[in-house]
Amino acid sequence: MSELLLIPLEDSVVFPNMSVTLAVEVGDAERVFLVPVHEGAHASVGTVAEVTDRVRLPGGAEAVALNGLHRGVAGAARTGADGLLYVEVEERPDVEPPRIQTTELEREYRAVVEEILEVRDADSRIRAFVRAITGAGALADTCAYAPDVSFAEKVELLEAVEIVPRLERALRLQRDRLAELQVRRRIREDMESGAQKQQ
């Protein structure tokens with residue numbers, strides 16, 4: 001267990017391997033615990049992040065650059081002498097399962113994401129980014145970058161500490177996105193075809 005400074009993120013989720021800059025006071029902390037919050041309710045799982053840079057903003061406020069390291073499960077909280085909130089965190093770095101458990105899921109996930117990127121005519125750098133990811137847990141977390149994945153779905157993904165269930169959940173979310181995109185494309189093509197016939 002580690003005791004880390006709690007940084008609540010209102011309707012926002014930061015995943016391991018993500019970097020973010022926030023205008024928050026972290027004191028001397030070198031690591032913090034980023035926890036999604038919605039309507040006052042904190043998620044049970046957050047992201048342990050390291051402070052990589054500190055910047056003074058105009059007006060004297062502090063901003064910090066943070067890099068997500070791994071998941072953590074929140075425990076008891078207390079207010080420190082500095083007035084900041086600290087929480088006991090059970091740190092949960094990814095433990096890659098045997099390849100036999102993830103190979104097929106990874107292959108299908110990559111194929112679905114490739115199809116989504118093709119339908120969206122996405123930048124080739126995004127494809128290269130996804131192809132370069134080697135860990136099954138990190139691959140599942142790429143689902144969080146999708147703009148149409150909801151806050152609640154991102155929290156569910158963050159709370160999937162074990163990799164196989166996380167990858168299965170990410171695959172379901174991506175399949176749903178692909179199905180919706182394909183329906184939209186069909187409707188658009190039908191409308192364009194109908195408009196051409198009328199002309």
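1. Basis of the values. The model is predicted, so that local features need pLDDT of at least 70 and side-chain atom pairs count only at pLDDT 80 or more, while totals for chains, interfaces and linings use all residues. Residues are numbered from 1 along each chain as its sequence is written, and side-chain values use heavy atoms, with hydrogens and water left out.

2. Overall layout. The chain holds 5 helices and 7 strands, where helices (H or I, at least four residues) and strands (E, at least two) are DSSP runs numbered from the N terminus. Along the sequence the order is β-β-β-β-β-β-β-α-α-α-α-α. Taken along the principal axes, the C-alpha atoms fill a box of roughly 75 × 50 × 30 Å. Of the 199 residues in the chain, 41% are buried; buried means under 20% relative accessible area, exposed over 50%, and partly exposed in between, with a 1.4 Å probe and protein chains only. Among the contacts in the chain with a separation of 6 or more, 63% come from residues 24 or more positions apart, a contact being heavy atoms within 4.5 Å.

3. Strand 1 and its partners. Strands are taken to pair if DSSP finds at least two bridges between them. Strand 1 (residues 2-10) runs antiparallel to strand 7 (residues 85-92), to which 4 bridges join it, and in this pairing Leu4 stands opposite Val87. Strand 1 is also joined by 6 bridges to strand 3 (residues 31-38), and these two run parallel.

4. Strand 3 has 6 of its 8 residues buried, so it is largely enclosed by the rest of the structure.

5. Two positive phi values. Strand 3 and strand 4 form a hairpin with 2 residues between them, and Glu39 in the turn has a positive phi of about 50°. Glu39 is exposed, with a relative accessible area of 69%. Asp121, in the loop between helix 1 and helix 2, also has a positive phi, near 55°, although this residue is not a glycine. The relative accessible area of Asp121 is 68%, which makes it exposed. As background for both cases, most residues other than glycine have a negative phi.

6. Arg54. This residue is found in strand 5 (residues 45-56) and is partly exposed, with a relative accessible area of 36%. Leaving aside residues up to four places away in sequence, Arg54 touches Val26, Gly27, Asp28, Ala29, Glu62, Ala63 and Val64. The C-alpha atoms of Arg54 and Glu106 are separated by 37 Å, the two residues being 52 residues apart along the chain.

7. Helix 4. In helix 4 (residues 151-159) the buried residues are Val155, Leu157 and Leu158. Viewed down the helix axis, these buried residues fall within an arc of 160°, so they line one face of helix 4; the arc is that of the directions from the helix axis to the C-beta atoms.

8. The largest pocket. On a 1 Å grid over the protein atoms alone, a pocket is an open set of points where a 1.4 Å probe fits, with protein on both sides within 12 Å along at least five of seven lines, and lining residues have an atom within 4 Å of a point. The largest pocket has about 270 Å³ of space, the volume being that filled by probe spheres set on the points, which are joined across faces, edges and corners. Its lining counts 16 residues, and Leu117, Ile126, Thr142, Tyr145 and Ala146 lie nearest the centre. Helix 1 (99-119), helix 2 (124-132) and helix 5 (163-198) each supply at least two lining residues, and helix 1 gives the most, with 4 residues. By class the lining has 12 nonpolar, 2 polar and 2 charged residues, where Ala, Val, Leu, Ile, Met, Phe, Trp, Tyr, Cys and Pro count as nonpolar, Asp, Glu, Lys and Arg as charged, and the others, Gly among them, as polar.
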